[in-house]
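Let's take a walk through a protein model together. Have the picture open while you read, and look up each residue as it comes along.

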Amino acid sequence: MTDTLDRARATLRANDRGGYTVPTARLYPFQWNWDSAFVAMGFATFDEARAWREIERLLEGQWGDGLIPQIVFHAPSDNYFPGPEVWGTRHAPPTSSITQPPVLAPAARRVLDTATNHGEAEARMAAIYPALLGNHRWWQRARDPLRTGLVATLHPWETGMDNSPAWDRAMARVPTTTTTVVRRRDNVHIDPAMRPRAEDYQRFIHLVDCFRDAGWDPARMLAASPFRVADTGTVAILLRAEQDLLALSRRFGSAAEQAEIADRIALQRAGIATLWNEQAGIWMARDLIDGAPAVVGTSAGFLPLYAHAAEAEQSRRSAATLTRWAEKVRFLVPSTDPADAAFEPLRYWRGPIWAVVNWMIADGLDWAGQPKLAARVRADTATLIDTAGPWEYFDATDGKEAGGADFSWTAAIRLLMG
Ligand code: DGY
């Protein structure tokens with residue numbers, strides 16, 4: 001136990017590049033948005049000042065309009081494609097121009113609530129609260145201007161679950177042509193069988209070209225993107241984040257801000273309710289271009305529990321769905337329904353287990369009155385990490401490690417699980 005926690009702490013220290021943490025050496029040599037939110041919570045278990053620093057350094061990348069980018073390119077590296085030259089934005093430090101699931105408010109709230117140095121925590125939280133509020137306003141303005149209650153995700157990289165089968169249908173609409181030459185580096189570091197396919201990358205980069213042509217302008221991007229989905233993961237995480245922001249606002253904000261956040265919460269609650277798939281007993285993404293629901297269950301489909309957005313019957317049914325998944329694999333939670341033809345045990349987001357998703361699902365299961373299932377998810381996560389080390393992801397059928405080694409957010413989750 002001590003060994004595994006020591007190793008997790010050592011992983012975070014080793015991936016520290018000066019106030020920000022790379023997800024893993026070589027494969028991901030910059031600061032990633034949602035990785036850093038989990039990393040901050042991990043650091044908070046043994047170095048509170050460093051936890052705040054992680055968040056502050058991420059916010060150095062925030063744009064004037066409130067966007068918190070997916071990647072902040074603090075220092076150059078040849079190990080990653082697409083680098084800052086492809087994004088071509090003029091922000092300093094350079095950043096990518098899309099976002100990622102907004103786990104930052106829940107992370108900041110947790111770092112605050114677990115702090116032992118209360119004075120420092122209050123001061124640093126007060127300083128970043130306006131940035132969090134500005135970011136949630138950006139989500140509303142840029143991604144749900146018509147107030148549907150469902151924010152749009154415009155790139156699979158924004159979901160953080162790049163090649164999930166939930167995107168297969170919507171991605172088929174995206175051309176494979178690019179003006180940017182695709183020079184993948186990920187396959188140099190990792191077995192290509194564990195990464196997205198060549199065709200996926202063509203489409204990923206087509207979208208980047210499309211957004212560059214739109215001048216990175218949110219309204220033009222929203223209108224022009226051939227990929228526009230309501231991702232259960234992003235929608236749920238944002239709704240959870242709004243609730244955490246509301247709690248923070250009671251301490252650091254104004255009554256008007258609390259009313260504004262409460263209004264978004266009501267809107268988003270109504271939106272997420274429409275993603276419930278009665279037949280499958282899980283929430284599923286929706287294509288916002290033609291309105292079609294996704295047809296495959298993924299681990300993101302359990303995250304509305306993390307958003308505290310389930311009716312009692314939905315909690316019961318989704319727990320039953322997860323229990324059915326457990327009959328097909330040795331460890332929970334595979335990223336794709338293991339009974340579905342799209343399930344691939346080792347290919348990135350098409351089957352493997354991700355510790356961060358497990359952590360959010362376990363949190364949601366506890367809220368949903370399913371403590372046994374929550375304990376099972378946590379125990380599986382700890383067993384996987386204790387046996388193989390803090391890898392990027394794991395095969396749900398046999399627990400084999402996959403992707404990058406010494407992965408920061410996996411180490412952070414191990415520390416959070418204690
Ligand atoms: C990648 O490049 O694989 C990342 O998932 C993008 O965020």
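Is Arg90 buried or exposed? Arg90 is exposed, because its relative accessible area is 82%. For these labels, buried means under 20% relative accessible area, exposed means over 50%, and partly exposed is in between, with a 1.4 Å probe and protein chains only.

## Before we go on

This is a predicted model, in which local features need pLDDT of at least 70 and side-chain atom pairs count only at pLDDT 80 or more, while totals for chains, interfaces and linings use all residues. Residues are numbered from 1 along each chain as its sequence is written, and side-chain values use heavy atoms, with hydrogens and water left out.

## Around the ligand

Let's start with the ligand. Which residues surround the ligand? They are Tyr28, Trp32, Gln70, Tyr80, Gln100, Trp157, Asp162, Arg195, Tyr201 and Tyr348. A residue gets on this list if one of its heavy atoms lies within 4 Å of the molecule. Sorted by type, this shell has six nonpolar, two polar and two charged residues. In this sorting, Ala, Val, Leu, Ile, Met, Phe, Trp, Tyr, Cys and Pro count as nonpolar, Asp, Glu, Lys and Arg as charged, and the others, Gly among them, as polar.

Tyr348 has a polar side-chain atom 3.0 Å from a ligand oxygen. A polar contact here is a pair of N or O atoms within 3.5 Å; within protein, one must be able to donate a hydrogen and the other to accept it, and residues adjacent in sequence count only if both atoms are side-chain atoms.

## How covered is the ligand?

On its own, the ligand has 230 Å² of accessible area, and the protein covers 96% of that. Such areas come from the Shrake-Rupley method with a 1.4 Å probe; for residues, only the protein chains shown count as cover.

The space that the ligand takes is the largest cavity. A cavity is a set of points, on a 1 Å grid over the protein atoms alone, where a 1.4 Å probe fits but cannot get out. A molecule sits in one if more than half of its atoms lie within 2 Å of its grid points.

Tyr80 is in the loop between S2 and H4. Helices (H or I, at least four residues) and strands (E, at least two) are DSSP runs, numbered from the N terminus. Tyr80 counts as buried because its relative accessible area is 11%. Tyr80 and Ile385 are 305 residues apart in sequence and 26 Å apart in space, C-alpha to C-alpha.

Gln100 belongs to the loop between helix H4 (84-87) and helix H5 (104-113). Its relative accessible area is 5%, so Gln100 is buried.

Where are the cis peptide bonds? One joins Phe81 and Pro82, with omega about 0 degrees. Pro82 lies in the loop between strand S2 (71-72) and H4. The bond from Ala92 to Pro93 is cis as well, with omega near -5 degrees, and Pro93 is in the loop between H4 and H5. Arg90, our opening residue, is found in the loop between H4 and H5.

Now for positive phi. Arg26 is not a glycine, yet its phi is about 65 degrees. You'll find Arg26 in the loop between H1 and strand S1 (31-32), and its 54% relative accessibility is why it counts as exposed. Asp406, also a non-glycine, has a positive phi near 45 degrees. Asp406 sits between strand S8 (401-402) and helix H17 (408-417), in the loop, and is partly exposed because its relative accessibility is 35%.

## Two helix residues

Gln140 is part of helix H6 (residues 118-143). Why does Gln140 count as buried? Because its relative accessibility is 14%. The Gln140 side chain reaches the backbone oxygen of Asp144 at 3.0 Å.

Arg9 is in helix H1 (residues 2-14). With a relative accessible area of 25%, Arg9 is partly exposed.

Key: 1 Å grid on protein atoms, 1.4 Å probe; cavity = no way out; pocket = protein on both sides within 12 Å on 5 of 7 lines; lining within 4 Å.
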